[in-house]
Amino acid sequence: MHRKLWTVAILLATLLATQAAGAARLQQPDPDQSLGRATQSLALDLHTRLARPGENLVFSPYSITSAMAMTLAGARGETARQLASVLHLPLPTGEDPSVEPHADYRLLNQRLSEAAGEMNRLVVANALWGQAGFSFRPQYLALVEQAYGGGFQEVDFVGATDPARLTINRWVAERTEGLIEELLPPGVLTPDSRLVLTNAIYFKGLWLRPFDKQMTAEAPFTTGEGRSKPVPLMHQTNRFRYYENESFQALALPYEGDAIELVVLLPRAVDGLPALEARLTPAELERWLAAMTPRTVRVWLPRFRIESKFGLSDTLGALGATDAFSAGAADFSGMTGGRELFISAVVHQALIIVDEEGTEAAAATGAVMGLTGVAPPEPEFRADHPFLFLLRERSSGAVLFAGRLLEP
């Protein structure tokens, strides 16, 4: 019997009341053209800043975009403009859930669930956790519930901080099949906490063309540091979407239903990953993905597991969202009617496991807001050295997970 495989992403935004010193409106593109491209662009922006020398990396652009979009819905003025720019989204100015990006998120979430098909399971869930007795604007709560499905639940950050933390952690654990049991460690929430926004993405599926375990064999893998180490390399010859040029190869491994896929970008040179990362732009990525065509390919791919954890506050600030993290400048008056809120911290945690049957992955993010012709020969795709990967939904281009493997 096949082992259960899944992909999970959680995005958590925690807001605290503050004495922050002190409305943009939405347009309406197709989700394919806006949100999919937004997650691709954010994936590359974050990859550039999160990739650390000598370290593997995995993170969830879709999860980060989803939850930060819920904070964007309550942002106003320059704070909203900066957040929209960082997220590559239209500038919001209203509270109508029928206009973008709000309506686009609702439609794209539905599309992702449909893309999973009968053999897989993909669930997107959102929730708001607010301080009991604290005044949130009904328009904001209604917008988030209608557009994002984020129901509002009251907790007591002031008098029962740790029980509130445990309640949110249980919600996360339930929606990640227990993969993430303690997203919020002790000390992340304080009596000043006022609102937590959570987004969860759960995907469970199998390869459309699984690898035969009997074909897996140990072979040398050249790590990012140039060392050679033996690793299990899975192998199969089959028809996949494929692209190549003089510097790298790209391979798309589809899951059941052929709507969600893992794209692997493999430099030809064993030490070519830095050069590939340096030339990777949203326009180039779109061009490469569009150029992929079905080919019979001889594939070798390592089984691997990657786990990453980092803070995103400085990263998002460096990308341009400075006011949102400043108690003296943040304007989230769309949430409360005043300027009491700012984002004090954002943390992200992710895990991905790839084997012969499919992929298992989980991610969690927390944003804390605080007071204040002739057929050519079959190409060989031998991933025995560092590479990049994107776990994406094909029709929209939405990137659910992204990262790189330097050492299995």
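pLDDT is the predictor's confidence in each residue, on a scale from 0 to 100. For this predicted model, the mean pLDDT of the protein is 84, with 85% of the residues at 70 or more. Over residues 1-12 the pLDDT is below 50, yet this stretch has 78 contacts (heavy atoms within 4.5 Å) beyond near neighbours in sequence. Residues 16-29 also stay under 50, and the model gives them 76 contacts beyond four places in sequence. Local features need pLDDT of at least 70 and side-chain atom pairs count only at 80 or more, while totals for chains, interfaces and linings use all residues. Residues are numbered from 1 along each chain as its sequence is written, and side-chain values use heavy atoms, with hydrogens and water left out.

The protein contains 10 helices and 16 strands, taken as DSSP runs (H or I, at least four residues; E, at least two) numbered from the N terminus. Of its 408 residues, 60% are buried, that is, under 20% relative accessible area with a 1.4 Å probe, protein chains only. The exposed surface comes to about 15,300 Å² (Shrake-Rupley method, 1.4 Å probe), and carbon and sulfur atoms supply 50% of it.

Two or more lining residues come from each of α1 (31-50), β15 (387-393) and β16 (399-405). The lining has 10 nonpolar residues, two polar and no charged; Ala, Val, Leu, Ile, Met, Phe, Trp, Tyr, Cys and Pro count as nonpolar, Asp, Glu, Lys and Arg as charged, and the others, Gly among them, as polar.

Conventions: Buried means under 20% relative accessible area, exposed over 50%, partly exposed in between (1.4 Å probe, protein chains only).
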